[in-house]
Amino acid sequence: LAWVHYQMGNYKEAFKLSEAYVYKHSAEPDAMMHTAFIYAANGKKQEAIEMLQECLESSFELGPVVSKQIKDKLASL
C-alpha cells in the first residue's frame with residue numbers, strides 16, 4: 001500500500017505507512033528497496049542510503065535490473 005501511495009505521488013502517506021509497518025519490520029530486499037525510495041522522497045536520505053546499501057547485499061535475489069535501479073538511486077542521493 002505504501003508503494004502505491006509513493007507511485008501516486010502521495011509521499012507523506014507512503015512514509016507514514018512505511019514507517020509504521022515496514023521500516024525495521026521487514027528484511028525482505030524488495031520491501032526494503034521500496035521503503036528506501038519512500039524515505040528518500042521524504043528527505044530521509046541517510047536512512048535511505050543505509051537501506052539501499054543493504055539491498056545491494058541481496059542483489060542476487062533482486063536481479064540485475066533492480067540492482068541497477070538501486071545503484072542509480074544511490075548515485076542520485
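Hi everyone. Searching the whole structure turns up 2 salt bridges, meaning a side-chain nitrogen of Lys or Arg within 4 Å of a carboxyl oxygen of Asp or Glu. Keep in mind that this is a predicted model, where local features need pLDDT of at least 70, side-chain atom pairs count only at pLDDT 80 or more, and totals for chains, interfaces and linings use all residues. Residues are numbered from 1 along each chain as its sequence is written, and side-chain values use heavy atoms, leaving out hydrogens and water.

Let's start with E13, which pairs with K16, their closest N and O atoms being 4.0 Å apart. These two sit 3 residues apart in helix α2, about one helical turn; helices here are DSSP runs (H or I, at least four residues), numbered from the N terminus. K16 is exposed at 54% relative accessibility, while E13, at 31%, is partly exposed. For those words, buried is under 20% relative accessible area, exposed is over 50%, and partly exposed is in between, with a 1.4 Å probe and protein chains only.

The other pair is D72 with K68, at 2.9 Å between the closest N and O atoms. Both belong to α6 (residues 64-76), 4 residues apart.

Now, which residues touch the most other members of the largest nonpolar core? Among its 18 residues, they are M33, I38, L52, C55 and I70. Such a core is a set of buried Ala, Val, Leu, Ile, Met, Phe, Trp, Tyr and Cys residues joined through side-chain atoms within 4.5 Å. Helix α3 gives the most to this core, with 7 residues.
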